[in-house]
Amino acid sequence: MINGIIGVILLFAYVLPFIPPRYFEYATLSVFTPLLMILNIGFIILWLILRKWNFLFSAVLFFLGLPFMHRFVQFSQNTLPLKGQPSIMSFNVRLLNHYKWSKDLTLREKIISFLREEHPNIVALQEFYKKENESFPFYKYKRFIYKNENDKIGQAILSDYPIIGSGSLNFPHTGNNGVYADIVLGKDTLRLYSLHFESFHIDDTQITQENSKKILLSLPKRFAIQQSQVELFDAHADTSPYSIIVCGDFNNTAFSYLYQKIQNRGLIDSFQEEGSGFGKTYYFPYFPFRIDYIFADPYFKITSHKVYTGINYSDHYPLKATFIKRK
């Protein structure tokens with residue numbers, strides 16, 4: 001009975017990424033898709049041990065969900081990038097600890113030193129604090145993008161390559177935003193989008209608090225806002241004269257409508273292409289959440305993917321991918 005209920009919910013969850021959450025509030029169940037998949041595998045193992053044919057039901061669900069499984073976990077080994085391949089990093093730096101979310105008052109210096117030493121060719125920083133505009137002299141080309149002139153929080157794009165244009169998508173009615181920069185790599189020009197979608201406003205301490213019900217009830221609204229934001233991005237990307245790379249803090253899983261919407265453009269998820277393990281990008285002690293991404297136009301070939309899980313300088317981990325032009 002329990003197996004059947006979980007199985008039906010899982011089958012339903014497979015469809016959710018294709019349903020606009022604005023019109024279907026239960027789209028928020030997609031957050032639990034990985035857990036449902038794990039439970040389903042547990043039932044397969046249980047029925048096999050008990051030597052019962054019930055395992056066939058869960059086995060069929062498992063094979064139906066294989067395309068989604070690859071969004072959650074990769075069993076291949078990370079490919080080491082070759083020298084000279086352009087690299088891009090996405091990192092939500094949480095304002096470089098300006099408001100002292102951490103008691104470690106050296107985090108700002110650690111983040112700057114990390115970027116200096118690792119030195120990806122292109123860096124997209126979400127939750128960037130305006131007073132840090134002069135903190136990256138080791139990058140020749142820089143764009144700091146804010147919705148309004150008086151805003152203190154925005155995004156930064158740092159580059160070793162010339163930036164010939166940039167702009168803001170101006171997500172309405174929120175502090176979150178999407179930005180872009182047109183970057184010249186030799187004979188090619190790419191448009192880099194750095195997207196910071198609406199947050200769930202959940203942290204690891206709130207999960208166990210009495211207000212968890214209130215948080216869950218607010219998720220449909222957050223999902224609907226994210227839908228509006230990804231549609232705004234999608235329309236803007238349609239006008240790009242260049243091949244695009246998309247990165248950023250999506251504040252949602254790879255089983256969401258917004259992830260599917262971006263993948264529908266034919267963009268390639270660097271984790272699915274060259275990642276390994278669960279690809280966890282967000283610090284959460286109970287589950288390996290992957291909510292930060294790098295996508296590339298098929299014009300580019302992803303050659304490596306790395307998440308710096310040892311870099312605990314924010315509530316997000318930096319991730320980096322390398323790429324080359326396909327021949």
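Visitor: Where is Asp 182 found?
Guide: Asp 182 sits in strand β6, which covers residues 177-185. Keep in mind that this is a predicted model.

Visitor: Is Asp 182 buried or exposed?
Guide: Asp 182 has a relative accessible area of 7%. The cut-off for buried is under 20%, so Asp 182 counts as buried.

Visitor: What does Asp 182 touch, leaving out residues up to four places away in sequence?
Guide: Pro 162, Ile 163, Ile 164 and Gly 165 are among the residues touched by Asp 182. Thr 189, Leu 190, Arg 191 and Tyr 242 are touched by Asp 182 as well.

Visitor: Change of topic, the helices. How do α1 and α2 pack?
Guide: Helix α1 (residues 2-15) and helix α2 (residues 33-49) pack at about 140°, and their axes are 10 Å apart. α1 and α2 are therefore oblique to each other. Their crossing is left-handed.

Visitor: Which residues meet there, α1 against α2?
Guide: From α1 come Ile 2, Asn 3, Ile 6, Ile 9, Leu 10, Ala 13 and Tyr 14. They meet Thr 33, Leu 36, Met 37, Leu 39, Asn 40, Phe 43 and Trp 47 of α2. Sorted by class, the contact of α1 with α2 has 11 nonpolar residues, 3 polar ones and no charged ones.

Visitor: And α1 with α3, at what angle do the axes cross?
Guide: At roughly 15°, with the axes of α1 and helix α3 (residues 55-64) coming within 11 Å. α1 and α3 are therefore roughly parallel to each other, since angles under 35 degrees count that way. α1 passes α3 in a left-handed crossing.

Visitor: Which residues make that contact between α1 and α3?
Guide: Asn 3, Gly 4, Gly 7, Val 8, Leu 10, Leu 11 and Tyr 14 in α1 meet Phe 57, Ser 58, Leu 61 and Leu 64 in α3. The class count for α1 with α3 is 7 nonpolar, 4 polar and no charged residues.

Visitor: What about α2 and α3, how far apart are their axes?
Guide: The axes of α2 and α3 are 8 Å apart, and the two helices pack at an angle of about 145°. α2 passes α3 in a left-handed crossing. On the α2 side, Asn 40, Ile 41, Phe 43, Ile 44, Trp 47 and Leu 48 take part. On the α3 side, Phe 55, Ser 58, Ala 59, Leu 61 and Phe 62 do. By class, the contact of α2 with α3 has 9 nonpolar, 2 polar and no charged residues.

Visitor: Which members of the largest nonpolar core touch the most others?
Guide: Leu 10, Met 37, Phe 72 and Phe 289, out of 25 residues in that core. At least two core residues each come from α1, α2, α4 (66-72) and α6 (212-237).

Visitor: What does Met 37 touch, again leaving out residues up to four places away in sequence?
Guide: Met 37 touches Leu 10, Tyr 14, Gly 65, Phe 68, Met 69 and Phe 255. Apart from this core lies another core of 24 residues, among them Ile 163, Ile 183, Ile 245 and Cys 247.

Visitor: Last one. Is Val 230 buried or exposed?
Guide: Val 230 is buried, with a relative accessible area of 0%. Val 230 is found in helix α6. Leaving aside neighbours within four places in sequence, Val 230 is in contact with Phe 197, Tyr 257, Leu 258, Lys 261 and Ile 262.

Notes. Residues are numbered from 1 along each chain as its sequence is written. This is a predicted model: local features need pLDDT of at least 70, side-chain atom pairs count only at pLDDT 80 or more; totals for chains, interfaces and linings use all residues. Side-chain values use heavy atoms; hydrogens and water are left out. Axes are lines fitted to C-alpha atoms, for helices over the stretch in contact, and angles run from 0 to 180 degrees between N-to-C directions. Helices (H or I, at least four residues) and strands (E, at least two) are DSSP runs, numbered from the N terminus. Angles under 35 degrees count as roughly parallel, over 145 as roughly antiparallel, 65 to 115 as roughly perpendicular and the rest as oblique. A crossing is left-handed if the near helix is turned anticlockwise from the far one by less than a right angle, and right-handed if clockwise. Contact means heavy atoms within 4.5 Å. Ala, Val, Leu, Ile, Met, Phe, Trp, Tyr, Cys and Pro count as nonpolar, Asp, Glu, Lys and Arg as charged, and the others, Gly among them, as polar. A nonpolar core is a set of buried Ala, Val, Leu, Ile, Met, Phe, Trp, Tyr and Cys residues joined through side-chain atoms within 4.5 Å. Buried means under 20% relative accessible area, exposed over 50%, partly exposed in between (1.4 Å probe, protein chains only).
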